[in-house]
Amino acid sequence: KLKIPVSFDSSFQSMASNEAEISSGRQLGFSFTPGGLLFPYHLGVYDGLAKCQILTDEIPIVGSSAGSITAAIIGIGMDPKWVLENSDPLYENCRINGTSGR
């Protein structure tokens, strides 16, 4: 049986306590979509799932484009906050110079 949250709150504690049991026999997995500069949102989802102990080593993770970068970060166990902080120069450069032709 897997326990997953039924709603997302601003508080991970309330998210973890608001659970629904799933016993369909299917395996839970996550796919991170392509997103370009939405990559920071993927990192936030990753961080939230990890804090709620929903994302474990047994859960399959896949992704495409920015989502594949997120999946790789999860796979090698990098800290999402560190990745976000060190990605800021890239985002700032894109805001100033645009993204066309990259």
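**Basis.** I kept in mind that this is a predicted model, in which local features need pLDDT of at least 70 and side-chain atom pairs count only at pLDDT 80 or more, while totals for chains, interfaces and linings use all residues. Residues are numbered from 1 along each chain as its sequence is written, and side-chain values use heavy atoms, with hydrogens and water left out.

**Confidence.** I looked up the pLDDT, the predictor's confidence in each residue, from 0 to 100, and found a chain average of 77, with 74% of the residues scoring at least 70. Over residues 1-23 the pLDDT is below 50, although this stretch has 31 contacts in the model beyond near neighbours in sequence; a contact means heavy atoms within 4.5 Å.

**Whole chain.** I noted that buried residues make up 25% of the 102 residues, where buried means under 20% relative accessible area, exposed over 50% and partly exposed in between, with a 1.4 Å probe and protein chains only. Among contacts between residues at least 6 apart in sequence, 63% join residues at least 24 apart.

**Leucine 38.** I found leucine 38 in the loop between strand 3 (30-32) and helix 2 (39-51), and its relative accessible area of 47% makes leucine 38 partly exposed. Its C-alpha atom is separated by 9.3 Å from that of glycine 67, 29 residues apart along the chain.

**Helix 2.** I noted 13 residues and a reach of 19 Å from first C-alpha to last, close to the 18 Å expected at 1.5 Å a residue; the expected span is 1.5 Å times one less than the number of residues. The buried residues in helix 2 are Phe39, His42, Leu43, Tyr46, Asp47, Gly48 and Leu49. After helix 2 comes glutamine 53, with a positive phi near 60°.

**Helix 2 against helix 4.** I read an angle of about 175° between helix 2 and helix 4 (residues 80-97), with their axes 10 Å apart. Helix 2 is therefore roughly antiparallel to helix 4, a label for angles over 145 degrees. From helix 2, Phe39, Pro40, Leu43, Tyr46, Asp47 and Lys51 meet Pro80, Lys81, Val83, Leu84, Ser87 and Tyr91 in helix 4. By class, I noted eight nonpolar, one polar and three charged residues in this contact, with Ala, Val, Leu, Ile, Met, Phe, Trp, Tyr, Cys and Pro counted as nonpolar, Asp, Glu, Lys and Arg as charged, and the others as polar.

Definitions and conventions:
Helices (H or I, at least four residues) and strands (E, at least two) are DSSP runs, numbered from the N terminus. Axes are lines fitted to C-alpha atoms, for helices over the stretch in contact, and angles run from 0 to 180 degrees between N-to-C directions. Angles under 35 degrees count as roughly parallel, over 145 as roughly antiparallel, 65 to 115 as roughly perpendicular and the rest as oblique.
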